[in-house]
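Please examine the structure shown below before reading on.

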Amino acid sequence: MKYIQIVPLNESFRWQSNLFEYSLKKVYGDKFKDYAIIPFLKRNQPTDLPTYEYPYETELDTMAIDPIYDIIGKEEAKYIPVNVYSGLRQVLQTLPDDEVVMCIDSDMPLLKPYTGRLPEYHEMLVDNIYEDWHMHLNGKNREAVEPFLNHKDFNYMSGGSNFMGRVKTWKYIIDNIVESAVRIIDTFPQNNQFRWWANMLGANIACHNYRVPMNHIGGCYFPNVNELQDDHWIAHYSCDPLFHKGSLKDRKWDKFPDNSFYNLAKEWYSTYKV
């Protein structure tokens with residue numbers, strides 16, 4: 001199994017990726033390199049000069065990724081979110097078909113080893129909390145996906161994310177994910193939410209179009225959204241006001257709750273070299 005994050009080269013993603021690697025080492029010990037690589041974007045913004053070597057400290061293998069602009073021929077910053085799955089598509093070409101890949105954001109450190117079932121071929125395992133939290137694909141935000149659905153045989157979309165699937169399954173749907181994400185951004189130019197969710201929307205659309213079931217496994221702790229449970233093996237701190245994705249300066253470390261996620265964050269920060 002491999003955890004794949006697509007990393008832009010800036011200070012915020014530098015420390016997020018470093019925290020993830022720290023958690024990977026704690027969870028998997030000497031075998032941590034078997035579970036992840038760092039694919040990094042040669043360019044994130046259209047105006048960035050290309051970078052071909054990962055500039056930050058890491059013990060993981062790295063891979064330079066072509067940005068979405070080079071692929072679709074449009075130098076527009078609105079397409080930045082599509083770099084995630086466009087980048088994943090490039091990584092998939094280097095992996096065997098039976099490998100299991102979980103596409104994660106950089107702000108998703110591990111809490112413990114994953115011991116749940118692995119996905120079958122032609123199946124995606126997801127966390128459906130996103131649907132009721134903010135996606136609402138089967139409700140008020142249906143307009144974000146409806147124009148891009150190829151059939152109405154059955155609703156394969158759960159509104160979930162944190163996709164985990166076999167490389168063979170990923171390859172089967174990845175082109176439609178990227179195409180759908182680009183089309184969403186073009187179709188709803190004034191909707192900033194749909195733009196930032198374009199990858200999650202595109203992945204739901206592609207699973208539907210290619211009849212790939214999205215089955216809920218959960219297991220993710222979202223600080224400030226749900227309560228930490230024993231079965232939570234990964235965290236996503238994207239909406240946490242205490243440990244957020246902004247600057248590390250002026251954090252109120254003494255106000256952090258005493259749980260495995262916040263203790264991991266404090267332990268990591270004591271080792272982090274700014």
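Is Asp-98 buried, partly exposed or exposed? With a relative accessible area of 44%, Asp-98 is partly exposed; buried means under 20% relative accessible area, exposed over 50%, and partly exposed in between, with a 1.4 Å probe and protein chains only. The model is predicted, and local features need pLDDT of at least 70, side-chain atom pairs count only at pLDDT 80 or more, and totals for chains, interfaces and linings use all residues. Residues are numbered from 1 along each chain as its sequence is written, and side-chain values use heavy atoms, with hydrogens and water left out.

Asp-98 is placed in the loop between helix 3 and strand 4. Here helices (H or I, at least four residues) and strands (E, at least two) are DSSP runs, numbered from the N terminus. Not counting residues up to four places away in sequence, Asp-98 touches Tyr-121 and Arg-166; contact means heavy atoms within 4.5 Å. Asp-98 and Arg-117 stand 19 residues apart in sequence, and their C-alpha atoms are 14 Å apart in space.

The interior comes next. In soluble globular proteins, nonpolar side chains tend to be buried together. A nonpolar core is a set of buried Ala, Val, Leu, Ile, Met, Phe, Trp, Tyr and Cys residues joined through side-chain atoms within 4.5 Å. The largest such core in this model has 41 residues, and those with the most contacts inside it are Tyr-3, Leu-24, Met-102, Leu-110, Leu-201 and Trp-233. At least two residues of this core come from each of helix 1, strand 2 (36–41), strand 4 (100–103), helix 4 (129–135) and helix 7 (198–209). Helix 1 supplies the largest share, four residues. Apart from this core lies another, of 35 residues, among them Ile-6, Ile-65, Val-167 and Ile-174. As for Tyr-3, its contacts beyond its neighbours within four places in sequence include Phe-20, Leu-24, Met-102, Leu-110 and Trp-233.

Asn-259 is found in the loop between strand 9 and helix 8. This residue is buried, with a relative accessible area of 15%. At the start of helix 8, a side-chain oxygen of Asn-259 reaches to within 3.0 Å of the backbone nitrogen of Phe-261. The side chain of Asn-259 also makes a polar contact with the side chain of Tyr-221 (3.3 Å). A polar contact is a pair of N or O atoms within 3.5 Å; within protein, one must be able to donate a hydrogen and the other to accept it, and residues adjacent in sequence count only if both atoms are side-chain atoms.

Most residues other than glycine have a negative phi. Asn-224, however, has a positive phi of about 80° although it is not a glycine. This residue lies in the loop between strand 8 and strand 9 and is exposed, with a relative accessible area of 57%. Asp-250 also has a positive phi, near 60°. Its place is in the loop between strand 9 and helix 8, and Asp-250 is exposed at a relative accessible area of 78%.

On a 1 Å grid over the protein atoms alone, a cavity is a set of points where a 1.4 Å probe fits but cannot get out, and a pocket is an open set with protein on both sides within 12 Å along at least five of seven lines; lining residues have an atom within 4 Å of a point. Grid points are joined across faces, edges and corners, and a volume is the space filled by probe spheres set on the points. The largest pocket has a volume of about 870 Å³. It is lined by 34 residues, of which Val-84, Asp-105, Asp-107, Trp-196 and Lys-245 lie nearest its centre. A search of the whole structure finds one cavity of 30 Å³ or more. The largest cavity holds about 40 Å³ of space, and its lining includes Met-102 and Trp-233. Strand 5 (124–127) gives the most to this lining, with three residues.
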